[in-house]
Amino acid sequence: MPSDSELDALIPAQTFDRRDFLAASLGAGFALAVQPVMAQTAIHTDATGLIAGEVKVPVKDGDMVAYHAQPQDVAKPPVVLVVSEIFAVHEYIRDICRRLAKLGYLAIAPELFARQGDPRTIDSIPEIMAKIISKTPDAQVISDLDACVAWAAANGTDTARLAITGFCWGGRITWLYAAHNPQLKAGVAWYGRLVGEVNEITPKHPIDLAGQLKAPVLGLYGGLDAGIPLETVDNMLALLKTGSPAAQASYIKIYPNAPHAFHADYRPSYRPEEAADGWQRMLEWFKEHGV
């Protein structure tokens, strides 16, 4: 794990007012860049029987806002870190947390872009990528996820049963976090990119860390994903087979007829059959690995 000085070197100087960071809120609804939402397929999970809402997670430079949901009457629930797409913690990600909480987990989705900006207010995906995603350091993200684990441990959960799942951008982060945290029991990466540009913001990618996993990862990928060539998935699989025990225990499921974001029930890319199968596989993966 990098030292504080190493993290400081990797995280660019911040331009936000610390009080604004402390006061950051998740807002409501779906990100502008995904409008109009497919209302007929978007799933809404109520909060009946749950404790759900925003929390503030202490991090090294302030308090990071996160959405969390957990069952009301379960002592020391297991923990699932939920990592968003590039659209941040909008309604879809909050609903994922509530779905997991209904199954007995504490699910927490941190606002990992808070220092760089708010993707939910930008109506262009290229603009989100240029202004926010390209400026969000992996080291900052990993440190913030560690802070979420510490918050969960301090708030009555069982972090000995810790998992992570992420979607698109968050799928990539899932692989990275599985190579970082030896406390992690399992990860599920939904169509996260495996290769990319190497720079000070993204010094390594999943393909570079495939053999170093500390927890087994289930990858869920679409065969028709225009942004993730199957060649990169095949290369990842080959590296996993010769890596650490956790790497060798990992598995990638490819849905031949699914595009990118096939789980995103609020978008035209949604594929109900593949999404349901992937969700069930995720839950079975967690249980298989003690979460």
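Buried here means under 20% relative accessible area and exposed over 50%, with partly exposed in between (1.4 Å probe, protein chains only). The model is predicted, so to speak of its local features we ask for pLDDT of at least 70, and side-chain atom pairs count only at pLDDT 80 or more, while totals for chains, interfaces and linings use all residues. Residues are numbered from 1 along each chain as its sequence is written, and side-chain values use heavy atoms, leaving out hydrogens and water.

View 1. Look for T232, V233, M236 and L240, the buried residues of α8. They lie on the same side of α8 because they cover an arc of only 100° around the axis, taken from the directions from the helix axis to the C-beta atoms. E231 and K241, on the other side, are exposed.

**View 2. What covers α8.** The cover over the buried residues of α8 includes α6 (169-178), α7 (206-209), β7 (217-222), α9 (245-248) and β8 (251-255).

View 3. The protein chain has a mean pLDDT (the predictor's confidence in each residue, from 0 to 100) of 92, and 91% of its residues reach 70 or more. Over residues 1-20, however, the pLDDT is below 50, and this stretch has 24 contacts in the model beyond near neighbours in sequence, a contact being heavy atoms within 4.5 Å.

Note on methods
Helices (H or I, at least four residues) and strands (E, at least two) are DSSP runs, numbered from the N terminus.
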